[in-house]
Amino acid sequence: AALARGVTVRVGVDLATGAVVAEAGGEGRDTLWRDTLPLAPGGRLAGGREGWAEAVFGAAGRARADRVLITDEGGRYEVRVDPWTGDAEARRF
């Protein structure tokens, strides 16, 4: 969406509820979508700050993101966003 629109897109995750919101642009942001992460029963999120984690995708495709940890019965995972491509993946540790 950032590349297609030529604007910055921010994706925020509420660490308490798993709610996700993506917004494009700066002031007067345009909400692109809202959803909730499908966490496994007993799953928890940690990281970010003040209860939220954010990933910011620039119009040129680069990204920066807060550290997000997912813990559930299957183990612990860290979500990483590649700063050059904007690709995200969860890695088990």
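Predicted model: local features only at pLDDT ≥ 70, side-chain atom pairs only at ≥ 80, totals over all residues.
Started with Gly18, which sits in the loop between β1 and β2.

Is Gly18 buried or exposed? I looked up its relative accessible area and got 0%, so Gly18 is buried, the cut-off being under 20%. Next I asked what Gly18 touches once its neighbours within four places in sequence are set aside. The list I got is Asp35, Thr36, Leu37 and Leu45. I also checked Arg34, which is 16 residues from Gly18 along the chain. Their C-alpha atoms are 11 Å apart.

Then I turned to the strands on either side of that loop. β1 covers residues 9-14 and β2 covers residues 19-24. I found that they run antiparallel, with 5 bridges joining them. One bridge I looked up pairs Val9 with Ala24 in β2.

Which order do the strands of the open sheet follow? I read off β3-β2-β1-β5-β6, which makes 5 strands with antiparallel pairing. β3 (30-36) and β6 (63-65) are at the edges and have a single partner strand each, so one side of each has no neighbour in the sheet. From one strand to the next, the twist averages 15 degrees. Reminder from class: strands of a sheet pair through backbone hydrogen bonds.

Last stop was Glu78, in strand β8 (residues 75-81). Its relative accessibility is 12%, so I put Glu78 down as buried too. Its side chain makes a polar contact of 3.2 Å with the side chain of Arg80. Beyond four places in sequence, Glu78 is in contact with Arg67, Val68, Leu69, Glu89, Ala90, Arg91 and Phe93.

How values were computed. Residues numbered from 1 in each chain as written. Heavy atoms only, no water. Pairing = 2+ DSSP bridges. Helix = DSSP H or I, 4+ residues; strand = E, 2+ residues; numbered from the N terminus. Axes fitted to C-alpha atoms, helices over the stretch in contact; angles between N-to-C directions. Buried < 20%, exposed > 50% of the residue type's maximum accessible area, 1.4 Å probe, protein only. Contact = heavy atoms within 4.5 Å. Polar contact = N/O pair within 3.5 Å; in protein donor to acceptor, adjacent residues only side chain to side chain.
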